[in-house]
Amino acid sequence: MSRLLTTTVHISAAILTITRSPLYLSPSFFSPPHFTSAYRHLPKSYRSISVRAVDSSSDTKSDDVSSENQEDRSELKSELDNNGSLRGDGDYPNGEFEFEKAGAWKSFVVKLRMLIAYPWQRVRKGSVLTLKLRGQISDQVKTRFSSGLSLPQICENLIKAAYDPRISGVYLHIETLNCGWGKIEEIRRHILDFRKSGKFIVGYAPLWGEKEYYLGCACEELYTPPSAYFSLYGLTAQAQFLGGVLEKVGVEPQVQRIGKYKSAGDQLTRKNISEENREVLNTLLDNIYGNWVDKISQAKGKKKEEIESFINEGVYQIEKLKVDGWITDIKYDDEVTSMLKKKLGIAEEKKLPIVDYKKYSSVKKWTVGLAGGKDKIAVIRASGSISRVRGPFSSPSSGIIAEQFIEKIRIVRESKRYKAVIIRIDSPGGDALASDLMWREIRLLAESKPVVASMVDVAASGGYYMAMAAQAILAENLTLTGSIGVVTGKFNLGKLYERIGFNKEVISRGRFAELTAADQRPFRPDEEKLFAESAQNAYKQFRNKAAFSRSMSVDKMEEIAQGRVWSGNDAASRGLVDAIGGFSRAVAIAKQKANIPQDKQVTLVELSKSSPSLPELLSGIGSSVIGIDMTLKQLMDSLTSSDGVQARMDGIMFQRSEGSSFANPIFNLLKDYLSSL
């Protein structure tokens, strides 16, 4: 434990580095006063960068400008060419799913393909596809040997089932889900799309809350057993603080927070929530709650006032759910199965023909007539915390490893196979250097072909930093994004050392050599001044770079930065993202930017399939000693940063709503470790 506490900590939610390389701006950016404001805020040495612009249909005003503004504009505009722009005018295709019934010839071809399919890809005619949605859902494509649910495969299965003549309908089991609202929105959209095929989709929910009901009410029918555990009592947001704990053990966090909404440092320094953090959480909670009420109101044909009244009533009787029309009926699983047999004309004594999620994931889209076209679009998925290189305890699915991600980007850039690229981002950020290196590679890729960034649950700090390099950014309504701010600091462990009788002597050369090495004492005044100025400089770099990337004045970016986390909708209204939508819309926009007709099929090539590690193949992560060892290692990695600063969003936990796998790992690791002693 002493080793853990003698390390120096650097905590940063968004310390980013400006590199002298091309930026992407739309011509509208060069209209005053936006251009000159952002341009004058940059260091003079940075003004010599090459900037690239493309045609945009956004309006450009021709106001008169001062001679100083004209000089600034001509100085930078002379280095422009007509490459891609980060901002568009919002005139994007919606990518909405349209079910088209197969003609006679296509039906014949599909039947032939089914006859020659491999045995493990064959499905009995009249089968019901069963999907069990429970626990965590990853945005990565899973292999045959990987465990857990995959968002792209859930969505693809629903699309295949809509066209597969062997599938008569879908039976959806829904239990407690541990994922963000971005993934929930994507699944719900595909449930509604499947219903366009005319086939039935029935939901069964024995254990559910607001998030699970959000999916269940999109089904044609929803059933629940009489003993079901359900909770429709509303949503909560939580903020947790270690300030009091650290004070009791003699640890003093010395934190510099740049951006009044940057609350990552609050977890270490405060004992209660700040007004700024309260404002952010209230806004996010309002967005989630308002969206939930709106969608449920539309799905159930009820007024919003009725929905809110029901929630505030505190209903716990299953019978009332049926009477008030919240569910179709109260039935056990076997009763629903019998009902489906009757619907399909199957005798009660016979088994209902089913195909599960795992097996149906092996069915190729080609088999059901959904083969792509000649044009290929690469899909690169980036999920989890960002690190520069793989650590000793890392597994292939342990987050975004910059060196591996960059390798994929370079392969795509050098290949002539791909017409466009979609980068799916589901990350709260991480290592700032890694984020910057990936940003650079994405921008280089965008010089040769269209790049679209598609956000999932969260794309904040380092995650947003990656997205800024794309020519178009999409987010779901409730994606958590933004978080442009800086927090950095160290631990002063002097009092703790004194209590336990530990002594540490530091011999140094150089005035500031002990800036982060001397954790046995607080900062000297000159050290504290340097630390604060360094953090302020890092924030300005990040903010100015974000302003340029989004064709926005620095003053305007300052209003929406300051470490604030935004929902996708709010981010779109403030210019941080270009459009609201999921993966299908990202594909449509990629086709548009690659000049591929919307009605033309494309082949999506996944470049990020995860491979299970040996421990995962054998029995997963071990328990007892191995589990404790892993916990200590991860805890130390979370609390310390020997390689550099972090560009990370602090965990935001929404009870019975967010359930995000990106909640701050420190608390989970502490809890796991203490419970294992």
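In which helix is the place of Trp105? Trp105 belongs to helix α4, which covers residues 104-115; helices here are DSSP runs of H or I with at least four residues, strands are runs of E with at least two, and both are numbered from the N terminus. The structure is a predicted model, in which local features need pLDDT of at least 70 and side-chain atom pairs count only at pLDDT 80 or more, while totals for chains, interfaces and linings use all residues. Residues are numbered from 1 along each chain as its sequence is written, and side-chain values use heavy atoms, with hydrogens and water left out.

Trp105 has a relative accessibility of 63% and therefore counts as exposed. The terms for burial are set by relative accessible area: buried means under 20%, exposed means over 50%, and partly exposed lies in between (1.4 Å probe, protein chains only). Together with Phe108, Leu112, Leu115, Ile116 and Trp366, Trp105 makes a nonpolar surface patch of about 720 Å². Patches are made of residues with over 30% relative accessible area and no salt bridge; nonpolar side chains (Val, Leu, Ile, Met, Phe, Trp, Tyr) are joined within 5 Å, and like charges within 9 Å. The areas come from the Shrake-Rupley method with a 1.4 Å probe, and for residues only the protein chains shown count as cover.

Helix α6 (residues 181-195) presents another case. Its 15 residues should span 21 Å at 1.5 Å a residue, and its end C-alpha atoms are 21 Å apart, in agreement with that value. The expected span is 1.5 Å times one less than the number of residues. Of the 15 residues of α6, 12 are buried, so the helix is largely enclosed by the rest of the structure. Among the buried residues are Trp181, Ile184, Ile187, Ile191 and Phe194, and also Lys183, Glu185, Glu186, Arg188 and Asp193. An α-helix has 3.6 residues a turn, so residues three or four places apart point the same way.

Ser435 lies in helix α16 (residues 432-446). With 0% relative accessibility, Ser435 counts as buried. Its side chain reaches the backbone oxygen of Asp431 at 2.9 Å. A polar contact is a pair of N or O atoms within 3.5 Å; within protein, one must be able to donate a hydrogen and the other to accept it, and residues adjacent in sequence count only if both atoms are side-chain atoms.

The structure holds 0 disulfides, a disulfide being a pair of cysteine sulfur atoms within 2.5 Å. Cys217 is in no disulfide, and the nearest cysteine sulfur, that of Cys219, is 8.3 Å away. For Cys219, the closest cysteine sulfur is that of Cys217, and the 8.3 Å between them is too far for a bond. Cys217 is buried at 7% relative accessibility, and Cys219 is buried at 6%.

The count of salt bridges comes to 37, where a salt bridge is a side-chain nitrogen of Lys or Arg within 4 Å of a carboxyl oxygen of Asp or Glu. In one of them, the side chains of Lys504 and Asp519 meet at 2.9 Å, N to O. Both residues lie in the loop between α18 (494-500) and α19, so the pair ties together parts that are 15 residues apart in sequence. Lys504 is partly exposed at 23%, whereas Asp519 is buried at 0%. Another salt bridge joins Glu527 and Arg524, whose closest N and O atoms are 3.3 Å apart. Glu527 is buried at 0%, and Arg524 is partly exposed at 29%.

Glu558 and Arg543 also form a salt bridge, with the closest N and O atoms 3.1 Å apart. Glu558 is in helix α20 and Arg543 in helix α19, so this pair ties together parts that are 15 residues apart in sequence. Glu558 is partly exposed at 24%, and Arg543 is buried at 10%. Salt bridges that share partners join Asp139, Glu186, Arg189, Arg381, Arg424, Glu476 and Glu606 into one network.

Two residues other than glycine have a positive phi. Ser551, in the loop between α19 (525-549) and α20 (554-560), has a phi near 50°. Ser551 is buried at 12% relative accessibility. Gln562, in the loop between α20 and β24 (565-567), has a phi of about 55°. Gln562 is buried as well, with a relative accessible area of 16%.
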